[in-house]
Amino acid sequence: MKIVAATNFQDMSQLAADMIINQVKEKPSSVLGLATGGTVIGTYERIIEDYKKNNTSYEHIHTVNLDEYIGVEPSNPNSYHYYMTDHLFSHINIDTNNVHIPSGLAKDYEEECKKYEKTIEELGGVDLQLLGIGVNGHIGFNEPGTSFQSVTHVEKLTESTRKANMRFFNSLDEVPTQAITMGISTIMKSKKILLLVSGKKKAAILSQLLNGDIDEQVPASILKTHPDVTIIADKDALALVGDEKKRCFSSDKKELSGTNLFSVRTSY
């Protein structure tokens with residue numbers, strides 16, 4: 001597990017975008033696992049800037065999103081279909097046939113989950129999965145207590161998650177109570193994982209992730225067992241991470257030049 005210490009949200013976003021852009025350049029047919037929410041908006045903005053400036057092509061890229069709200073129309077501004085179109089897809093040359101997002105309006109959600117798993121499998125798996133983390137440790141919409149063996153499924157959202165997302169709605173009553181989400185074992189099959197963490201509100205959970213046990217009550221803790229995880233966190237998010245964790249990890253400095261990079265050794 002590698003930790004990149006970014007100065008602030010803007011720095012974190014640029015570093016994350018650079019990693020994704022490098023993946024696209026190295027493998028133009030990559031399968032990118034994408035996330036939504038406030039943490040990744042800056043990353044998408046910088047991908048768009050690069051596309052406009054350098055013409056990085058997404059023509060042969062496939063994407064699979066982590067999740068979608070149950071019962072929300074794709075045309076609804078609060079849907080993740082709308083989010084992805086508005087914040088990324090409509091600004092780059094991606095083939096819409098190569099874009100995959102779970103349906104929140106499926107007639108049969110069990111079948112929709114199976115179909116989504118099959119889609120990911122048929123694509124050959126995810127090359128690089130982008131993640132955020134909830135204040136309760138969720139990844140995707142896999143809430144505390146979700147089995148590490150879970151595949152794509154319908155998840156009941158916790159009150160803390162719904163309150164965190166309330167800023168996008170007019171009231172808590174409007175926030176959906178369920179979502180269809182890529183499962184933890186599905187996420188863990190990704191070849192590379194990139195976790196972004198920003199802000200003081202995420203400092204406690206990041207410290208718990210790095211210093212605590214692997215526990216299904218902290219879904220993100222399973223990431224410590226993955227062979228290729230990079231966490232990019234800004235100064236505020238790293239506020240509670242002890243100095244002993246901040247050891248230089250020089251082997252990647254050429255790839256992520258100008259950054260403070262350190263490793264967290266795990267033995268799980």
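**Figure 1. The lining of the largest cavity.** Lining the largest cavity of this predicted model are Ile-20, Leu-32, Leu-34, Tyr-44, Ile-47, Tyr-58, Ile-61, Thr-63, Leu-88, Phe-89, Ile-92 and Ile-94. On a 1 Å grid over the protein atoms alone, a cavity is a set of points where a 1.4 Å probe fits but cannot get out, and lining residues have an atom within 4 Å of a point. The structure holds one cavity of 30 Å³ or more, and the space in the largest cavity comes to about 60 Å³. A volume here is the space filled by probe spheres set on the points, with grid points joined across faces, edges and corners. S2 and H2 are the elements that give two or more residues to this lining. Helices (H or I, at least four residues) and strands (E, at least two) are DSSP runs, numbered from the N terminus. Sorted by class, the lining of the largest cavity has 11 nonpolar residues, one polar and no charged ones. For these classes, Ala, Val, Leu, Ile, Met, Phe, Trp, Tyr, Cys and Pro count as nonpolar, Asp, Glu, Lys and Arg as charged, and the others, Gly among them, as polar.

Before the next views, two notes on how to read them. Residues are numbered from 1 along each chain as its sequence is written, and side-chain values use heavy atoms, leaving out hydrogens and water. Because the model is predicted, local features need pLDDT of at least 70 and side-chain atom pairs count only at pLDDT 80 or more, while totals for chains, interfaces and linings use all residues.

Figure 2. Leu-32 belongs to strand S2. With 5% relative accessibility, Leu-32 counts as buried (buried means under 20% relative accessible area, exposed over 50%, partly exposed in between, with a 1.4 Å probe and protein chains only).

**Figure 3. Strand S3 and its pairings.** Strand S2 (residues 31-34) pairs with strand S3 (residues 62-65) in the parallel sense, over four bridges; two strands pair if DSSP finds at least two bridges between them. Val-31 has His-62 of S3 as its bridge partner. S3 is also joined by two bridges to strand S5 (residues 99-100), and these strands run parallel. There, Val-64 stands opposite His-100 in S5. Together, S2, helix H2 (residues 41-54) and S3 form a right-handed β-α-β unit, where right-handed means that, with the strands pointing away from the viewer, the path from the first strand over the helix to the second runs clockwise.

Figure 4. Asn-55 is found in the loop between H2 and S3. This residue has a positive phi of about 60° although it is not a glycine. Asn-55 counts as exposed, at 60% relative accessibility.

**Figure 5. The largest pocket.** About 830 Å³ of space lies in the largest pocket, a pocket being an open set of grid points with protein on both sides within 12 Å along at least five of seven lines. It is lined by 37 residues, and the closest to its centre are Gly-37, Gly-38, Asn-165, Arg-167 and Lys-202. Strand S4 (67-69), helix H3 (80-87) and helix H5 (159-165) are the elements that give two or more residues to this lining. The largest share, four residues, comes from H5. By class, the pocket lining divides into 16 nonpolar, 17 polar and four charged residues.

**Figure 6. Salt bridges.** Side chains of opposite charge can pair when their charged atoms come close. A salt bridge is a side-chain nitrogen of Lys or Arg within 4 Å of a carboxyl oxygen of Asp or Glu, and by this rule the count is seven. Asp-228 and Lys-2 form one of them, with the closest N and O atoms 3.8 Å apart. These partners lie 226 residues apart, Asp-228 in the loop between helix H7 (203-211) and strand S10 (229-234), and Lys-2 in strand S1 (residues 2-6). Asp-228 is partly exposed, at 24% relative accessibility, whereas Lys-2 is buried, at 18%. Another salt bridge joins Lys-27 and Asp-127 (3.0 Å, N to O). Asp-127 is buried at 5% relative accessibility, while Lys-27 is partly exposed at 34%.
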